[in-house]
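Please examine the sequence and the three-dimensional structure shown here before reading the explanation.

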Amino acid sequence: MAKERGSANGRGGASARLAEKRPAAAPAADPALARHDRAELLRMLEQMQLIRHFEERAAEQYTRAKVGGYIHLNVGEEATVVGSIAALRPGDYFLASYRSHGHALAMGTTPGAAMAELFGRETGTSHGRGGSMHLVDVAHGFLGGYGIVGGQLPLAVGVAFAIDYRGESGAAMCQFGEGATNIGAFHESLNAARLWHLPVVWFCTNNLYAMGHSVEMDSAVTEIYRKAVAYDMPGERIDGMDVLAVREACEAALERARRERMPSLIEAVTYRYRGHSMADAGRYRTEDEVRRWRERDPITWFQQRLLDAGILDDARAAEMERRATEAAQQAVEFAESSPEPDVADLHLYVYADEDS
Ligand SMILES: Cc1ncc(C[n+]2csc(CCOP(=O)(O)OP(=O)(O)O)c2C)c(N)n1
């Protein structure tokens, strides 16, 4: 059932081919825009801008030693974040990898609570106990970022099983990198989901590298969507720099999950501009490759489409940019001025209590 849509395929050199694919100018008529509400389109742009600014401020704060542990940014991958989450409906759940600041924000976590969690402050989403790799916001349906590669996949099976068991109408969406598709839990999870007809969408963010390993170095099958064939479920490769392509593929897959109890595997091809985490010299890729992907920037591209279609004008674009910058700055100030957890509370949140 696997198919490919709108992207290059084949082993080797995927990065170069995908980077060259985009036409320089947006087409005069943009039918994808016409399928969406104007306010929704602007909201998606606004979210991508916020995520970009939040991430850049987070990186800056990390270099000032305000953030402990590691941070993994999804700068460059914003269309995969916003497109997939825009496809969710109330009652759906989302699980992600450790590269999940943007996911938390798109799910509705306030920038202040997300930044405070990075700073390890009491006002963070997990009272500062989780940090960057373990953001979680159950009230908004965000069931967490996970530091163990692929650790979220078996959990998503459990969430989808619970949805079915309780007779709920939603679905679970589970994001992970392409590196995670080489571990046992990926295969066990897809198998169980298909076998038990669970309402789950597997969303692979293929940014072409797992730390310093290119996809060609670590996966026998480099077109990740084709791994769906092994579990007899639909698989699709999409352009992860195109927020609307991501949203539409995810909407279709979520609908299939909710109505037909048929899981799917979506592979969104994208690129992280920054290093794997903050300490990464990036010797495994060339500056020219990074530059070519930056030319396909998902935010600039989407904004230009909205300008070309008359949905946005320059003044409003500048105002949106200003608001995103300000929101990220306010998040830093909120985190900075928030209290550290009290040492007397050290024992809290180790085990769930009956109310949680
Ligand atoms: C089980 C496990 N093995 C190894 C690691 C170390 N590690 C952290 S991220 C990473 C690469 C994962 O790459 P990918 O799944 O493609 O996601 P990306 O970081 O590119 O978003 C590795 C090997 C880990 N966190 N967990």
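The model is a predicted one. Helix α8 comprises 12 residues, 184-195, and at 1.5 Å a residue it should span 16 Å; its end C-alpha atoms are 16 Å apart, so expectation and model agree. Within α8, the residues F186, S189, L190 and A193 are buried. Viewed down the axis of α8, its buried residues fall within an arc of 95 degrees and therefore line one face of the helix. An α-helix has 3.6 residues a turn, so residues three or four places apart point the same way. The cover over the buried residues of α8 includes α7 (152-166), β5 (200-206) and β9 (264-269). On the face turned away from the buried side of α8 are the exposed residues G184 and L195. After α8 comes H197, with a positive phi near 55 degrees.

The ligand is surrounded by 15 residues, of which V149, G177, G179, A180 and A210 are the closest. Two or more residues of this shell come from each of β4 (172-177) and β6 (209-210).

Most residues other than glycine have a negative phi. A65, however, has a positive phi near 60 degrees. A65 lies in the loop between α3 (38-63) and α4 (78-86), and it is exposed because 7 other C-beta atoms are within 10 Å, where 12 or fewer is the criterion. D232 also has a positive phi, near 50 degrees. D232 is placed in the loop between α9 (215-218) and β8 (235-239), and it counts as partly exposed, with 14 C-beta neighbours inside 10 Å.

Technical notes
Residues are numbered from 1 along each chain as its sequence is written. This is a predicted model: local features need pLDDT of at least 70, side-chain atom pairs count only at pLDDT 80 or more; totals for chains, interfaces and linings use all residues. Helices (H or I, at least four residues) and strands (E, at least two) are DSSP runs, numbered from the N terminus. The expected span of a helix is 1.5 Å times one less than its number of residues. A residue is buried if 20 or more other C-beta atoms lie within 10 Å of its own, exposed if 12 or fewer, and partly exposed in between; C-beta atoms are placed from the backbone. The arc is that of the directions from the helix axis to the C-beta atoms. Two residues are in contact if their C-beta atoms, placed from the backbone, lie within 7 Å. A residue is near a molecule or strand if its C-beta atom, placed from the backbone, lies within 6 Å of it.
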